[in-house]
Amino acid sequence: MDAAQFWQLIDSTRDLPDRAVVLANLLEPLDADEIVRFRLLFDDLLQTANTVDLRGAAYTINGGCEDEGFVLFREALIERGRAIFDTAVRDPDSLADVATPTEPMEGTEGLGNAPAMAWAAKTGSTEDAFFEAVDAADVRTDRGAPEEGVWWAFHKKEEVRDRLPRLAAKFLGE
């Protein structure tokens, strides 16, 4: 499993009902190690998007952003596909092109659970055993690290206007 395969699977399930189940069905024929690798790539992307400026974008788009909300926001970025994800990581203000003021941007499709479902179905083991396998295969030491970047006051409109002008114009009504 490499990044191109990962994104192809994500993109191939977009707009499908029960997207996580469809993704799990696509993952199940793979080797158990490949399914673990899919989850590691998912986790890598969550960590890549773990930046202060993206948290500021999440705060602006969603009207606030606690820790769990920021995880759901980053999951939503993955759900939307590689182009939106990569662009948002480089330029969080680009989310003004895809976010809607009346709709929170939160991961809702459970794509992170799809590999656990597929692995459990393939191996006959538990989802807890899947996450143990993921932890055993994980060579990164930065998971759970604090957001990268310099913290700023997300609640101050002038800060948002300075750092995320397009999002400010769209979400702060100015």
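**Terms and their cut-offs**

Trainee: Why is D18 called exposed?

Mentor: D18 has a relative accessibility of 60%, and exposed means over 50%, buried under 20% and partly exposed in between, with a 1.4 Å probe and protein chains only, so D18 counts as exposed. Bear in mind that this is a predicted model, in which local features need pLDDT of at least 70 and side-chain atom pairs count only at pLDDT 80 or more, while totals for chains, interfaces and linings use all residues. Residues are numbered from 1 along each chain as its sequence is written, and side-chain values use heavy atoms, leaving out hydrogens and water.

Trainee: What makes the phi of D18 worth a remark?

Mentor: D18 is not a glycine, yet its phi is positive, at about 50 degrees. Most residues other than glycine have a negative phi.

Trainee: Why is E79 called buried?

Mentor: The relative accessibility of E79 is 9%, which is under the 20% limit, and therefore E79 counts as buried.

Trainee: What is E79 in contact with, leaving aside neighbours within four places in sequence?

Mentor: Taking contact to mean heavy atoms within 4.5 Å, the partners of E79 include I10, R14, R19 and T108. A polar atom of the E79 side chain also lies 3.1 Å from the backbone nitrogen of T108.

Technical notes:
A polar contact is a pair of N or O atoms within 3.5 Å; within protein, one must be able to donate a hydrogen and the other to accept it, and residues adjacent in sequence count only if both atoms are side-chain atoms.
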